[in-house]
Amino acid sequence: MTDRYDGDVLAGDWRGRGRKVIPTVAATPGLVVELAGSDSGTGFVGAVVGLEKGNVALEDRHGKRRWFPLGGGFLVDGELVVLTAPAKAAPTRPARTASGSVAAPQQRARVARASRILVEGRHDAELVEKVWGADLRVEGVVVEYLEGVDRLPEALAELRPGADCRVGVLVDHLVPGSKESRIAQAAGGAHVLVVGHPYVDVWQAVKPARLGLDAWPVIPRGIEWKHGICDALGWPHADQTDIAAAWQRILGSVRDYTDLEPELLGQVEHLIDFVTG
């Protein structure tokens with residue numbers, strides 16, 4: 001037999017049963033609102049034109065403005081509503097480039113300067129482009145690769161550095177006593193800045209953690225470094241195609257400047273400041 005008294009008859013919102021729920025509407029600019037009167041259609045009608053200290057300003061079609069407290073007593077499209085202040089949008093952080101700089105508004109790339117940044121090889125150029133490319137396009141700075149630091153004197157003779165043509169040079173393995181340091185010392189001048197990083201190759205400037213490594217493998221002297229790295233990591237290295245694929249794997253792991261070693265970061269920033277100063 002059914003128990004007609006089964007359950008708690010007072011459970012739930014028994015007082016609100018059948019009561020019409022009045023929706024809340026944000027008082028956004030331009031929203032047309034009617035002040036509810038004793039009879040429909042007799043209240044003030046206007047568009048939202050302002051909000052201040054819990055009050056809303058309505059302006060009618062004749063330009064007359066009146067202020068009313070936010071809350072109930074308004075009609076929107078003939079339906080009773082409760083007007084509320086619009087939710088404030090969360091503050092947005094400025095967009096940043098991969099180098100960490102604040103991104104400039106969308107604009108066309110600047111016409112290239114005569115000044116240049118020279119790097120040793122293609123891989124150096126691709127890494128600089130990935131992290132600093134957006135900044136360099138805004139500044140109109142072109143990055144060119146030398147295909148070896150031995151070509152630096154020839155490249156400088158072609159560019160003819162001067163007050164309107166500054167040249168910044170990034171050299172791999174720039175350590176005291178190296179061939180690179182001797183070439184860099186001979187190439188320096190008032191309008192030429194040669195800087196470098198201590199790594200054998202720019203591959204090492206990518207933090208090893210990005211590839212799941214604790215550290216880059218140490219390659220014995222006499223073994224071509226990139227082939228040795230690929231061999232130590234179990235990557236194919238039979239020909240240049242394999243080496244190129246290994247580099248793309250490394251480059252693809254780089255998201256932004258935080259994935260690069262500070263010894264490279266500071267030097268590239270120094271070069272950009274020099275050629276744009």
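This is a predicted model: local features need pLDDT of at least 70, side-chain atom pairs count only at pLDDT 80 or more; totals for chains, interfaces and linings use all residues.
I took Leu51 as an example; Val56 in E4 stands opposite Leu51. The hairpin of E3 and E4 has 2 residues between the strands, and Lys53 in this hairpin has a positive phi near 50°.

I then followed E4 to strand E5 (residues 65-69). This pair is also joined by 5 bridges and is antiparallel. Glu59 has Arg65 in E5 as its bridge partner. Here 5 residues lie between the strands of the hairpin, and Gly63 takes a positive phi near 90°.

**Helix H2**

I asked which residues of helix H2 (residues 152-159) are buried. They are Leu152, Ala155 and Leu156.

On the face turned away from the buried side of H2 I found the exposed residues Ala157 and Glu158. I also checked what covers the buried residues of H2; the cover includes strand E8 (116-119), strand E10 (167-171), helix H3 (179-187) and strand E11 (192-196). After H2 comes Arg160, which has a positive phi near 50°.

**The cores**

I looked for the largest nonpolar core and found that it has 37 residues. Ile117, Leu127, Trp132, Trp203, Leu260 and Leu264 are the members that touch the most others. Two or more residues come from each of E8, helix H1 (122-139), E11, helix H4 (225-233), helix H5 (240-252) and helix H6 (262-276). H6 gives the most to this core, 7 residues.

Another core lies apart from this one; it has 15 residues, including Cys165, Val169, Ala184 and Val194.

I listed the contacts of Leu264. Not counting residues up to four places away in sequence, Leu264 touches Leu127, Leu170, His197, Val202 and Ala205.

**His197**

His197 was on that list, and I looked it up next. His197 lies in the loop between E11 and H4. Is His197 buried or exposed? His197 is buried, because its relative accessible area is 0%, and the cut-off for buried is under 20%.

Leaving aside neighbours within four places in sequence, I found His197 in contact with Leu170, Val171, Asp172, His173, Leu174, Val202, Glu263 and Leu264. With one of these, Asp172, there is a polar contact between side chains at 2.7 Å. Glu263 is 66 residues from His197 in sequence, yet their C-alpha atoms are 5.8 Å apart.

**Ser99**

I found Ser99 in the loop between strand E7 (79-84) and E8. Ser99 counts as buried because its relative accessibility is 8%. Its side chain makes a polar contact with the side chain of Thr97 at 2.9 Å. Not counting residues up to four places away in sequence, Ser99 touches Val131, Trp132, Asp135, Tyr257 and Glu269.

**Cysteines**

How many disulfides does a search of the whole structure find? I noted 0.

Key: Residues are numbered from 1 along each chain as its sequence is written. Side-chain values use heavy atoms; hydrogens and water are left out. Buried means under 20% relative accessible area, exposed over 50%, partly exposed in between (1.4 Å probe, protein chains only). Helices (H or I, at least four residues) and strands (E, at least two) are DSSP runs, numbered from the N terminus. Contact means heavy atoms within 4.5 Å. A nonpolar core is a set of buried Ala, Val, Leu, Ile, Met, Phe, Trp, Tyr and Cys residues joined through side-chain atoms within 4.5 Å. A polar contact is a pair of N or O atoms within 3.5 Å; within protein, one must be able to donate a hydrogen and the other to accept it, and residues adjacent in sequence count only if both atoms are side-chain atoms. A disulfide is a pair of cysteine sulfur atoms within 2.5 Å. Two strands pair if DSSP finds at least two bridges between them.
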